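Please look over the sequence and the model below before reading on. The text then goes from the whole chain to one strand.

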Amino acid sequence: MKNYRIALDGPSGAGKSTIAKRLSAELGFVYVDTGAMYRTIGLFCLKNNIDVNDEDKVCSVLEQIKIELKYVEGEQRILLNGTDVSKEIRMNEVSMAASKVSAYKGVRSYLLNAQRDVAKSQSVIMDGRDIGTVVLPDAEIKIFIVGDATVRAKRRHNELLEKGQNISFQEVLEDIITRDHNDTNRAESPLRQADDAILLDTTYKNFEQAYNSVLEIVKSKML
């Protein structure tokens, strides 16, 4: 059976990860959350008082970071130096730290080979910011998922509240806008739509509608 590589790219809060998780379960593909890897590096820096604004300091500690992806009952868990940090990396401050460290060439190079290795011998669904343009430029299926910043912020705010995080909508919106700016303007692998990616706007779609749109695209490409 042919292996397929599905690249889902787009800004924060567009629904990529949630869609990718469900799609991987339905298709039986391995799901790789690349954003979780950057979040893990951001978390390590925060825990060890490493200034995420200092590129040299961040890159100097990369060899101290061991990131492992494990799958428990079909769900991806991420381990930092042997400790499960799957919940910790979803904190809002970690998101902002991830946005900073992901702009550094050394960090991106450090993770690139690991991301590509996962996709060498199996069908994968990988979501992030530069999957279709840099990580898996030859992916068979590429989808670029976008959405209005305010709508994306509302979704993210609801997710954080459900997880018990006390944060205002305005804070989340400002973080989304900042991350959009950082992601699209960084010098190293900026967020952009691959030339051969299909654009999907989820602004006016609920999750089921967005998921079904992605599923329809994927199935049409796998025929």
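The paragraphs below describe the overall fold, then a strand and its partners.

This is a predicted model, in which local features need pLDDT of at least 70 and side-chain atom pairs count only at pLDDT 80 or more, while totals for chains, interfaces and linings use all residues. Residues are numbered from 1 along each chain as its sequence is written, and side-chain values use heavy atoms, with hydrogens and water left out.

The chain has nine helices and eight strands; these are DSSP runs numbered from the N terminus, helices being H or I of at least four residues and strands E of at least two. Its C-alpha trace spans about 50 × 40 × 35 Å along the principal axes. Of the 223 residues, 49% count as buried, meaning under 20% relative accessible area, with exposed over 50% and partly exposed in between (1.4 Å probe, protein chains only). Among contacts (heavy atoms within 4.5 Å) between residues at least 6 apart in sequence, 74% join residues at least 24 apart.

Strand E6 covers residues 124–128, and five of its five residues are buried. Val124, Met126 and Gly128 lie on one side of E6, and Ile125 and Asp127 on the other.

Two strands pair if DSSP finds at least two bridges between them. Strand E1 (residues 5–9) runs parallel to E6 and is joined to E6 by five bridges; here Ile6 stands opposite Ile125. Strand E2 (residues 30–33) also pairs with E6 in the parallel sense, over four bridges, and Asp33 has Asp127 as its bridge partner.
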